[in-house]
Amino acid sequence: MSLRTPTRRGLIAFAAGAALAGRGAAAAEPAVGEDGLYHEPWFLQSFLDLREDLESAAASGKRFAIMWELRGCPYCRETHLVNFADAGIASYIRDNFEILQLNLIGARKVTDFDREELSEKDLARKYGIRFTPTLQFFPPSSGGLEAKDAMAREVARAPGYLKPPHFLAMFRFVRERAYERGSFRDFLPHMAD
């Protein structure tokens, strides 16, 4: 039996799992938090250090994405109640991605890849996030990200609501690294194959 020092992320995951353990089937349902956002029980529980989150996702063989939302956003609600409610979509995303949920006007402190600590609201401004929901997808490694301009750090972005087939296609586009070969628009016709 191997004993290892628990990480902060491991402790958070254990606490979140323990809290959800007694909830049975309801654990799969998104819940509206005190911040007014829908929260998926499988979303990343984070200390809000983007470099750490990306590296942890990569160590698990997953990709890292940020989902920006806003209280009262009807398309955010639709994303949770329609897109994430689709078992195939939710399963694909859970198996291949770590999703960090941030609030477009939030006050929590987030440490960016360049080690700058900003409120969620200021981080959104830094990255030019204007719509909710917006998904930002990052490369499979954090190497060299701190030296890039904020907008050049992501490999893909989905600004606004995408219907379920296109929503899943965007996650596949990133997972398959199709952004290295062309645009999302070019990738979509291949999804029908």
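Which residues in α4 meet which residues in α6? The close-up views below are taken from a predicted model, in which local features need pLDDT of at least 70, side-chain atom pairs count only at pLDDT 80 or more, and totals for chains, interfaces and linings use all residues. Residues are numbered from 1 along each chain as its sequence is written, and side-chain values use heavy atoms, with hydrogens and water left out.

**View A. Contact of α4 with α6**. I89, Y92, I93 and N96 in α4 meet P164, F167, L168, F171, R172 and R175 in α6 (contact: heavy atoms within 4.5 Å). By class, this contact has seven nonpolar, one polar and two charged residues (Ala, Val, Leu, Ile, Met, Phe, Trp, Tyr, Cys and Pro count as nonpolar, Asp, Glu, Lys and Arg as charged, and the others, Gly among them, as polar).

**View B. Packing of helices α4 and α6**. Helix α4 (residues 87–96) and helix α6 (residues 164–175) pack at an angle of about 20°, with their axes 10 Å apart. The two helices are therefore roughly parallel (angles under 35 degrees). Helices are DSSP runs of H or I with at least four residues, and strands are runs of E with at least two, numbered from the N terminus. Axes are lines fitted to C-alpha atoms, for helices over the stretch in contact, and angles run from 0 to 180 degrees between N-to-C directions.

**View C. The open sheet of four strands**. The strand order is β4-β3-β7-β8, with mixed pairing (two strands pair if DSSP finds at least two bridges between them). The edge strands, β4 (97–103) and β8 (156–159), each pair on one side only. Strand β7 (residues 134–137) and β8 pair in the antiparallel sense over four bridges. The bridge partner of T134 is P159 in β8.

Note on methods:
Parallel < 35°, antiparallel > 145°, perpendicular 65-115°, else oblique.
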